[in-house]
Amino acid sequence: MNKKIYSICFALWLLFCLFPQSVQASEADYRQGIKALTENKYQEALYYFEQAISGDPDNARYANDYRQAALKAKDFERPLQFFQKALAEHPNSANLHLNFGFAHVDKIPVAGSITQVILANDALTEFTKAIEIQPTWIGYYTRGESYLFWPKIFNRASMGVADLEKAMEMQKKGPRHSYHVKVYIALGDGYWKTDQLEKAKAMWQAGLKEFPDNASLKGRISLQGDELKNLIEAGFDPAKRVNTDLSELWEN
Amino acid sequence: MGKLKKILSCVFVFALLLPVDLLGIQSAGPGIRFEEIGQKAGVRVVHHTRQYHGKNAEVLHMFTAGGAAVAVGDYDGDGFEDLFVADSDAGKPNHLFHNNGDMTFTDVAVQAGVAGGNDPNSIVADAVWFDYDNDGKPDLLVGRFGTPILYHNEGNGKFKDVSATSGLNKFGNTIAVIAFDYDNDGYLDLLFGNYFKPVNLLDLKDPHVLPNNLDAATNGGGVTLWRNTGKGTFEDVTEKAGLGKLSGWTLDVGHGDFNNDGLQDIYLACDYGTDHVFLNNGDGTFREVTEKATGWDTKKGMNVDVADYDNDGWLDVYVTNITDEYMKECNMLWHNNGDGTFTDVSKETGTCDSGWGWAAKFGDFDNDGWQDLFVVNGLRSAGPESYVPLMLPVITTPGLDITDVNNWPNIGNRTWSGYQKKRLFRNLGNGTFADVAKDAGVDNTFDGRGIGIGDFNNDGRLDMVQTNADQPLLLFKNVTQNAGNWIELKLIGVKSNRDAIGARIRVVAGGITQIREIDGGNGYAGSSSKRAHFGLGKATRIDRLEIKWPSGRNEVVTVPINRITSIKEGQGVVIR
C-alpha cells in the first residue's frame, strides 16, 4: 500500500518537474482570467488570458476563451493587436494563426462593408498559414466555411468545397463527434453555392443519417428554390455574428 | 346585357374591396401607372459623362460617372414646369426644355444662353432653379467640378451669366447644390456638396486624389455654404457657420426643419463614410448632432430626400446606399422620432434594397395621401464581365495606397452594378411600402442618376424625369387611373424668400394630416417642382390648411380641391 502511494507521489513529482514552468504559470493566469470574467472584469480577464497565451501559445482553449472574453467586452481591436504581436514571437504557432484569423472574423459584423472584405480576406490568410503549419480538421473546416461567405462573383466557393471535402475525409477517419455535423451542413452549402444541388441534397441527407435531430439539415432538405436560397444566404450575412467559439472541440 | 354585366362586375369589385376597407387596411388602390414619353415629348437626349485623357483616364472616368442632372422649374412663369437637363462631357450642351403645355418640350438652351458650362476645365454636375434676387423670375445655378455658374433670369427668355460678379468664385468639385434660406433673412443661400477635394481632375498634378479609406474617408471635398448678401452677391460662410471642418466625400445635401423649430436643418450624405446631421442654431451657425440623431455610419450615402412619409408631423430622411451581391449596405429610411433621434426603418418598411442607389424622391403618385418613393440605381451597365473581382486586390493588398489613381485597374468594358431595375415603393399607409415598379412601368434598367418630379401637364398627377449616365433621359407621364383628389400650391414669399423655400404647409383632409416643406433641390442630381402637391384620396374638402412661412408668419387659407392655387405671403389666395 505504502509502495503504491510512494509511486503515485513520485509520478506526480516527476510530472511537476517535467511540466514547463511557463505552462504552469499559464494555467494559473488562465484561471485568474476565468475568475475575472465571471466577475465581469473584462479588462482584467483579457490581461490574464493574454499572459496565459504568451506562456502557452498552442493552447487552443486559452486563445479561444480570450477571444470570447474580448467579444463580451466588445473590444474587437485588442485581440487583433495581441495576436499579431504574439505571432511575431511565435510565427509557427498554428493555434495563434487560427485564432488571429478568428479575431478578424469576430470584427466583421461591426465593420464597414469594405473593411469587412479586408477582414475576411486577412482571416483567410491566417487560416491558410495555420493549415500550412498544421493541417487539422478545424483548420480545413474553418477556411472552407470562410470561403463560402464570399459572394459568388469572387469565385471562391469551389475552394471552400475542396477544404470541406478534406475536413470530411478527416472526420470519417476518426471517432464521431457532435460538431462533425457542421461539415455536412457546410459542404452541402458549398455544393449548393457551386450549383451542384443534387450533391448538396445528398450531403445534407447523409448528415441527417448521422445526426437525425439536426434542425439545420432538416430545414435544408425540406426547402427548395428561393426558400432554400434565403435560408442558406441568411447564414452568410456579414452583418450577423458568426459563432467562433471553439469550446465544442474539447467539450465533446 | 352589357350593362348588367358591368353592374355585376362593379358589385363584385365592391364586394372584394369592402372587407379590406372595413379592416382599415389600405386597399390596393389605383395602380400607379406611368407612360414613358421622352421621345414623343422631345426630351430624349443622351447624357455624356466626361471623358478624360491620359493614362488615368478610365479610372477618373469611373470615379466621376455622374453629372446627369435635372432641375424642374417654371422659368418663364407660364404656369407649366420646364426642365433644365445637364450634360457633362467637354463641349456638350446642356438643355433647357421649355414646356409647350401639351406634354411636348422645345430645347431653348442656346437661345436662352444656358447651354454652356462643359468647358475644358469644368464638368457640369448639378443644377437648381432659385430666385436669388426675389424678382419673381427663377434664376439658375449650375454646379460644376470647377467654379459654379449663376445665370440671372432676364425675363425675356434669356439668361445672363452673372457668375463673375456673384462672388461664387471658389473652385470645388461640386456634385450637389441646394438653395435655402438658412438664416431666414429672406434671401436664398446656397449649400454645395463637394465630392473630391478641390483639385482639378482635368489637369491632374498629383495622382493621390481618391478616397483614403473606403468606409471612413477623410480626404473629400466637404461642403461650402454661400450666404446671399441680398445685393446680388454671395459670401463664403462655411467656416463661420460651423461646416468648415467637414472633409467627407459629399454626394448629396438636403435640408428641412427636422426639429420643428422653424429653422432649416441639413443632412449630408457622404460616399465612403459617415453622413452628417446638423441642426440650425438660428444665429447663422449649425451644430452637429450626428452622434445622437443617427449615429455614425460607414456606408456609401448617395441621396438625401426629406418628407413625412408616415404623416406624423415630423420630417423623415431617405438615403440611398449600395446593396448588391457583393455589398449589403441597405438604404436608410430615417424615421424622425421627434426627440432629436432618428431610427433607420428601411428594413421594416421594405425600402432597404434598391441596388446601387442614386437619386430617390418622395411623391404621392396615386394621390392617396401617402407619399410613395421612386429610387433609381445602377452604376455602369456594359459587357458581361464584372469589374468587382478586379477591385479585390486593390482593397486587400496591405500597404497599397488606394488614393493613388495609378493603383486602380482600368474598367474597360466591364459592368459594375449595372442593369439594375428601378424601384417604385408604394406607400401602403401602414408603415410599409411595396415595390410596384414593374406594374407602374418604371422598372427600366438604365444607369439612373437623378430624378425630377413635377406635374408637367397640370393634371394633378405627379410626373417624373429620370436622368441616366451616358444614356437617354426618360420622361414618365403619370397615367394612373382613378387617382385621388389633390391640390397643388404655388407659394410666393414676400417677407420670406420669393420661392418660399422652407415654408411648411399643413393640410388636414380625409382624416389625415399631411405636411410638406418647399425644398430647394433635395435629392441627388435633381431638383423637383417647388409647387407643393398633396394627394387627398377620397376627401372632397380640406378641413384646414396652414402655412408657416420662413419669415415666421402663420397663415390659414382655404383652397379649392383639384386645382393649382397660388398663395402669396400675407395675402392668401391670389390669381396669377
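Is B:D470 buried, exposed or partly exposed? In this predicted model, B:D470 has a relative accessibility of 37%. Buried means under 20% and exposed means over 50%, so B:D470 counts as partly exposed. This aspartate sits in a loop of chain B, between strand β29 (463-468) and strand β30 (474-478). Its backbone is worth a look as well: B:D470 is not a glycine, yet its phi is positive, at about 60°. Most residues other than glycine have a negative phi.

The lysine lies in the loop that runs between helix α4 (60-72) and helix α5 (77-89) of chain A. With a relative accessibility of 65%, A:K74 counts as exposed, because the cut-off for that class is over 50%.

Nine helices and 39 strands are found in chain B. Its C-alpha trace spans about 75 × 55 × 50 Å along the principal axes. How does the radius of gyration of chain B agree with that of a compact globule, and what is its value? For 576 residues, a compact globule would have a radius of gyration near 25 Å, and the 23 Å of chain B agrees with this. Of the 576 residues in chain B, 62% are buried.

The remaining topic is where the two chains meet. The size of an interface is often given as the accessible area lost when the parts come together. Between them, chain A and chain B bury about 1300 Å², and carbon and sulfur atoms account for 70% of this area. On the side of chain A, the residues that lose the most area to chain B are A:I114, A:I153 and A:F154, which together make up 44% of what that side buries. The residues of chain A that touch chain B comprise seven nonpolar, four polar and two charged ones. In total, 13 residues from chain A and 14 residues from chain B take part in the contact.

Which polar links does the interface hold? Seven residue pairs are in polar contact across the interface of chain A and chain B, with both residues of each pair at pLDDT 80 or more. The count of salt bridges between chain A and chain B is zero.

Terms used: Residues are numbered from 1 along each chain as its sequence is written. Chains are lettered from A and ligands numbered from 1 in the order in which they are written. This is a predicted model: local features need pLDDT of at least 70, side-chain atom pairs count only at pLDDT 80 or more; totals for chains, interfaces and linings use all residues. Side-chain values use heavy atoms; hydrogens and water are left out. Contact means heavy atoms within 4.5 Å. Buried area is the accessible area (1.4 Å probe) that two parts lose on being put together, summed over both. A salt bridge is a side-chain nitrogen of Lys or Arg within 4 Å of a carboxyl oxygen of Asp or Glu. A polar contact is a pair of N or O atoms within 3.5 Å; within protein, one must be able to donate a hydrogen and the other to accept it, and residues adjacent in sequence count only if both atoms are side-chain atoms. Ala, Val, Leu, Ile, Met, Phe, Trp, Tyr, Cys and Pro count as nonpolar, Asp, Glu, Lys and Arg as charged, and the others, Gly among them, as polar. Helices (H or I, at least four residues) and strands (E, at least two) are DSSP runs, numbered from the N terminus. The radius of gyration is taken over C-alpha atoms; the globule rule is 2.2 Å times the number of residues to the power 0.38. Buried means under 20% relative accessible area, exposed over 50%, partly exposed in between (1.4 Å probe, protein chains only).
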